[in-house]
Amino acid sequence: ILCYLMRSKLQEIVDKMIENSADFSNLIDRPGHLIRRLHQIHVALFLEECSEYNLTPVQFGVLTVLANGRARDQVTIAKMIGVDRNTVADVIRRLVRRQLLDRYDNPGDKRTKFTKITSEGKHLIDRVQPGMIEAQRRLISPLSDEEYIRFMELSQKLIKANDLSGRAPWSPITEVPAKS
């Protein structure tokens with residue numbers, strides 16, 4: 001009975017929050033604002049944990065989707081991390097300059113180029129990985145295991161339902177990275 005009363009009271013509180021925030025007049029009541037703020041916090045945590053590598057989360061994302069050693073074109077990389085092609089082009093240029101990626105012509109289509117990770121890029125992933133993991137852990141540390149699972153489920157549900165409205169739809173390909 002106590003558990004039922006607690007759930008009932010919790011549902012009442014949630015209902016009241018939704019009722020009071022339905023007009024989204026306050027920033028604190030706007031999911032989009034909170035998501036943007038959470039993103040800012042995540043980027044700051046990543047940069048704190050990985051500052052010695054002079055790498056952004058998007059750059060690390062590009063390296064991550066290329067970690068298995070497969071060559072990919074710019075459009076595919078953009079879809080895999082959910083950013084626009086121009087951003088990916090800029091990131092690739094920077095990573096090529098740092099000799100973390102190689103670019104070469106696509107023999108089947110001269111209009112496109114392939115990008116592939118270098119051994120130095122793979123080595124950098126291995127060095128950055130612990131800091132990236134710590135940034136993720138710090139971000140979710142206030143959540144219980146159950147809350148984390150629910151957060152991930154709800155985040156994925158929102159992305160799936162709204163992804164086509166974004167500037168750069170996301171087509172994640174989950175692969176096991178090749179061992180370096």
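Author: Met-80 counts as buried, because its relative accessibility is 6%. Buried means under 20% relative accessible area, exposed over 50%, and partly exposed in between, with a 1.4 Å probe and protein chains only. This is a predicted model: local features need pLDDT of at least 70, side-chain atom pairs count only at pLDDT 80 or more, and totals for chains, interfaces and linings use all residues. Residues are numbered from 1 along each chain as its sequence is written, and side-chain values use heavy atoms, with hydrogens and water left out.

Reader: Where does Met-80 lie?

Author: Met-80 is in helix 4. Helices (H or I, at least four residues) and strands (E, at least two) are DSSP runs, numbered from the N terminus.

Reader: How far apart are Met-80 and Gly-61, in sequence and in space?

Author: They are 19 residues apart in sequence. C-alpha to C-alpha, the distance is 8.9 Å.

Reader: And Gly-61, which helix is that in?

Author: Helix 3, where Gly-61 is buried. Other buried residues there include Phe-60, Val-62 and Leu-63.

Reader: What share of the whole chain is buried?

Author: 24% of the 180 residues. The chain exposes about 12900 Å², with 57% of that from carbon and sulfur atoms. Areas come from the Shrake-Rupley method with a 1.4 Å probe; for residues, only the protein chains shown count as cover.

Reader: Back up. How many helices and strands?

Author: 7 helices and 3 strands. From the N terminus, the order is α-α-α-β-α-α-β-β-α-α.

Reader: How do helix 4 and helix 5 cross?

Author: Helix 4 is residues 74-81 and helix 5 is residues 85-97. Their axes come within 9 Å and cross at roughly 110°. The two are therefore roughly perpendicular to each other. Angles under 35 degrees count as roughly parallel, over 145 as roughly antiparallel, 65 to 115 as roughly perpendicular and the rest as oblique. Axes are lines fitted to C-alpha atoms, for helices over the stretch in contact, and angles run from 0 to 180 degrees between N-to-C directions.

Reader: Which residues meet there?

Author: From helix 4, Gln-74, Val-75, Ile-77, Ala-78 and Ile-81. From helix 5, Arg-85, Val-88, Ala-89 and Ile-92. Contact means heavy atoms within 4.5 Å.

Reader: New topic. What is the strand order in the sheet?

Author: The order is 1-3-2, in an open sheet of 3 strands with antiparallel pairing. Strand 1 (72-73) and strand 2 are the edges, each pairing on one side only. Helix 5 packs on this sheet, touching strand 2 and strand 3. Two strands pair if DSSP finds at least two bridges between them.

Reader: How many bridges join strand 2 to strand 3?

Author: 6, between residues 101-106 and residues 109-117, running antiparallel. The two strands form a hairpin with 2 residues between them. Asp-105 stands opposite Lys-113 in strand 3.

Reader: Last one. Which loop holds Phe-24?

Author: The loop between helix 1 (2-21) and helix 2 (31-50). Phe-24 has a positive phi of about 55°, although it is not a glycine. At 41% relative accessibility, Phe-24 counts as partly exposed.

Reader: And what is phi of Gln-99?

Author: Near 65°, a positive value in a residue other than glycine. Gln-99 sits in the loop between helix 5 and strand 2. Gln-99 is exposed, with a relative accessible area of 53%.
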